[in-house]
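Here are my notes for your first pass through this one. Have the viewer open while you read.

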Amino acid sequence: DLLNSPGWMDRFGRGIAIWGNRPQFNKSEQSSLTALRIKSLFVIPIFRKEAFWGWMGFHDHVSQHEWSKAERDALNLAARNFGALLHRDRIEKSIRRNEEKYRLIAENISDIVWTMDHNLKPTYVSPSIKFILGYTTGEAMKMSLEQILTPSSFKKTISTIQSLTAVEFGKNYHPMTLEVELRSKDGSIVSCEATNLPLLNEDKQVVGFIGVTRDIRERKKFEAQMIKAKEAAEQANRSKSEFLANMSHEFRTPLNHIIGFTEIVVDKLFGDLNKQQEEYLNDALSSSKHLLSLINDVLDISKVEARTIALVLTQVNIKELIKNSLTVIQEGAQQDNINLTSHIAGELDNLLIFADERMLKQVMYNLLSNAVRYTPEGGSIVLKADTYDEKITVSITDTGPGIPEAEQQKIFEPFYQ
């Protein structure tokens, strides 16, 4: 009861020892000491990792004792050492529990878990190495890195280890992962992925390395199949593009004949047509021209993909090209009562540029025909051409619905409508 009294517990909690002969204590304390037949007492608190754990006591039943400074210092040292031993024992028990837990994990996963000392000598290899490389743990522990790695992988691993050793820890430290090739017991080469970490002592010095090595043969096999499939698809696409590019003449020639002869009949060079005949032939002519336009688009894209298209650069009068493009779509605009206007800067008069005239015409036609197609009846289309910072800018604005924001990123995809 005396040792557990609030006054004594308070002093113990503050690390203060209690000592003296019976007459030096108060009456209540003297009564307790008399009942226990204690004539002299020394009690010192014990701390385990800065927390009060208990006390260590010495007493004399025979005579009073003057506790000298040397005795007090010795007993204080004994109490501190005892507290340190308690803490160490607790840590060691925790370490043993953790070691058992981590060893159980390491010995039951499919990856190889390993540790090495700073001389790169194995200090632990998990049993899973048997399933991946065919070695027992004992055999692997006797092998050097140079024996188990191919020359190129050994060189790569040494470079990684040197990098790990040179890292200033606490700043840019992170594990390093690399692909390596290992020699199996039967002589075959096994592709693996190794993740490496340094082991540090209390002074943050590298004393070894720990890592996990994973068998990636199935992954490499899958990657090779994907590459092969991709190459096959690309070859098929190139073959398709080359076929279409080479067939351009065969596609266009008969269609041009159909258009040409239909125009002759529509122009009544072989005689008059009744109203129904003229309507049907004009529909056939319009559809044929539209089909030729689509074929030209497909063949141009195919030539780009087959890398057989070539720009034919010539001097082009940009103002005349713009005017001709407007003339082509003018009739369609008038049919829908669309107001078509243009503003061409005077700086473009007689200005010659180097460009592929046919392709530039196609770009202008595509933009203008789209504007006509999507502008409602009674709307307007405005073409502006100007110079800016030694460049020519051409803009086409219409009163159509425009392109929804969600679709704007898709308009440059092939054949996207």
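1. Start with the open sheet: 3 strands in the order 1-2-3, paired antiparallel. Strands here are DSSP runs of E with at least two residues, helices are runs of H or I with at least four, and both are numbered from the N terminus. Two strands pair if DSSP finds at least two bridges between them. At the edges sit strand 1 (18–21) and strand 3 (51–60), each pairing on one side only. From one strand to the next, the twist averages 15°.

2. A word on provenance: this is a predicted model, where local features need pLDDT of at least 70, side-chain atom pairs count only at pLDDT 80 or more, and totals for chains, interfaces and linings use all residues. Numbering runs from 1 along each chain as its sequence is written, and side-chain values use heavy atoms, with hydrogens and water left out.

3. Strand 1 and strand 2 (residues 40–48) run antiparallel and are joined by 4 bridges.

4. Now jump to lysine 384, which you'll find in strand 12 (residues 380–388).

5. Leaving aside neighbours within four places in sequence, lysine 384 is in contact (heavy atoms within 4.5 Å) with His343, Thr393, Val394 and Ser395. Alanine 345 is 39 residues from lysine 384 in sequence, with 8.1 Å between their C-alpha atoms.

Methods: Axes are lines fitted to C-alpha atoms, for helices over the stretch in contact, and angles run from 0 to 180 degrees between N-to-C directions.
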